[in-house]
Amino acid sequence: MKTFYLVAAMATLATPMPAQRGTVRVDDLARAAERLGADVSRLDLASLKQLASLGDLAQAVDLSSLSSLSSLSSLSSLESLSSLESLGAIGDGLSGLSGWSGLSGISGFGGMGARGARVRLPRVERHPDDPADSLYRAAREALNRDDFKRAAELFHRVSERYPQSQYAADAMYFEAFALFRTGDEDNLRTATDVLRSLRRRHAKATVAGDAGVLLTRVEGALAKQGDASAAENVAEQATGKGRGEGKGRGRGGSASAGCPSGDDDDDVRVAALNALMQMDAERALPILKTVLARRDECSQPLRKKAVFLVAQKHSDETADILLDVARRDPDGDVRGDAVFWMSQVPSERTLAALDSVLHNSKDAQLQDKAIFALSQHQSPRAQQLLRDFAMSNGTSEELRGQAIFWIGNGRRSPETSAFLRELYTKLSSDDLREKVIMGVAQNGNEDDRKWLVGLVADAKQPLEVRKKSIFWLGQQKRTSVGDIAAMYDGLKEQEIKEQVIFALSQRRESSAADKLIDIAKHEQNKELRKKAIFWLGQSNDPRVKTLLLELINQ
């Protein structure tokens, strides 16, 4: 769960951009294969979706800032990655958050991207002996060049001239798809006519199920342009009251009449929910509320997606809807998603809702997500709510620890450091104290460094607290090797001195090796000398070989 929050927090800091440079799309791969003369019908395009998680490799250069991997030991508190699965079923709706494109590799994060880019195209089949083969291939080439007007014309000729062709049904589908990609209102209306005609004339064709999904997406685009009838059709499909036009089985094997997975591109209801992203809040929210009110067996994935979509419709009603879901929905995952997505709704009403969950809910997981959501709101009010909770003695120590963690890993400021140092004096739990120490270390100003040095020198402090302070001091560039060496000389306890030796071993300055060599030669405590020799043996300092020979020959 904690890793889930950290990933989402990092994602909210990503620089928004219209499209993620370097992202691999399934239809792009199909086009490339066709240009190379490959038999695309043999490719398992669904499996290629995993490549989307590669994103923009150019961003990897930022990893150069991780100078010392040893600092990653602090991430042990993040537990496992299994909680990432809780993000499932929020699906294609992320198209509205360009800054979240880095999450495309996580299960359930689809994102439509450019118009129609995530409409899964049916598999291309070859019929070389068919009289329409040459014309159909020319149409496909135009589609691959993104010449949608020309492609629509050629696909139309296939179905018009060769109505009995094995390509006829597919040609009608791709004609509609090409019209859809133009975005022109008249073309969108023509696309709906073509798709409805396809379903009547070729009801048994395997492409018929795909046509139902595409029809819903086309109507979503029309709804965005003010078409009331199209908006009504989308609403009916999203709420489960559709006239049946979208029902059927797509090529991917998903039956719309069955239970959707929430991110199933073949399901008309999922496509209808995605289409709501294109509507304004006034029209979309009543439909989404109807979906959220459902309690039938198959509605859970749809409710999860509806929660996400509600969070993108920033209106006065958004916080109230999400809070109601957090309190009343029978499914724990849906409730958790409602609280989590409050982190993306910047309003005082949202803060009040999160505070209510934090103090009134009996569900620790919901409270945990409320803490994270508050940490993502940068307002002074949100920060104060977190601080008040961190100081409350009558609440769960684990939850207080999470509040302290997010305070320390939030916006750095002298006020945050001062609060954490003051909080330390009021805590009796060593676990909470250690979280405060980590938070103070993240700020890393001179006052914080001096405070940590004071903890190390104070023999009245718990042993583990002093060791954690040494660790974090060793990770800070502000703390010189001379400062660490001085700590060693001023300490008496063997276990604390061992921690200082470890801190020295993590530094790359030659002066750190100087101090370790001095300890190996002159320290009276044999165990400490062994520790220094061990860590010297892990280094590449050329002096170590000479030292070891001296020690052997003594």
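Reply: Happy to! Helices here are DSSP runs of at least four residues, numbered from the N terminus. By that count, helix 26 spans residues 543–552 and includes Ile 552. Please keep in mind that this is a predicted model.

Before the pairing, a word on the whole chain. The protein chain has 26 helices and zero strands. Of its 554 residues, 52% count as buried. Among contacts with a separation of 6 or more, 64% join residues 24 or more positions apart. The chain exposes about 26000 Å², and carbon and sulfur atoms supply 50% of that area.

Now for the pairing. Two packed helices are described by the angle between their axes and the distance between the axes. Helix 14 covers residues 348–360 and helix 16 covers residues 380–391; their axes come within 10 Å and cross at roughly 10°. Angles under 35 degrees count as roughly parallel, so helix 14 is roughly parallel to helix 16. On the helix 14 side, the contact is made by Glu 348, Leu 351, Asp 355, Leu 358 and His 359. Helix 16 contributes Arg 381, Ala 382, Leu 385 and Phe 389.

Finally, back to Ile 552 in helix 26. Is this residue buried or exposed? Ile 552 has a relative accessible area of 64%, and the cut-off for exposed is over 50%, so Ile 552 is exposed. Together with Leu 548 and Leu 549, Ile 552 makes a nonpolar surface patch of about 280 Å².

Notes. Residues are numbered from 1 along each chain as its sequence is written. This is a predicted model: local features need pLDDT of at least 70, side-chain atom pairs count only at pLDDT 80 or more; totals for chains, interfaces and linings use all residues. Side-chain values use heavy atoms; hydrogens and water are left out. Patches are made of residues with over 30% relative accessible area and no salt bridge: like charges are joined within 9 Å, nonpolar side chains (Val, Leu, Ile, Met, Phe, Trp, Tyr) within 5 Å. Accessible areas come from the Shrake-Rupley method with a 1.4 Å probe; for residues, only the protein chains shown count as cover. A salt bridge is a side-chain nitrogen of Lys or Arg within 4 Å of a carboxyl oxygen of Asp or Glu. Helices (H or I, at least four residues) and strands (E, at least two) are DSSP runs, numbered from the N terminus. Buried means under 20% relative accessible area, exposed over 50%, partly exposed in between (1.4 Å probe, protein chains only). Axes are lines fitted to C-alpha atoms, for helices over the stretch in contact, and angles run from 0 to 180 degrees between N-to-C directions. Angles under 35 degrees count as roughly parallel, over 145 as roughly antiparallel, 65 to 115 as roughly perpendicular and the rest as oblique. Contact means heavy atoms within 4.5 Å.
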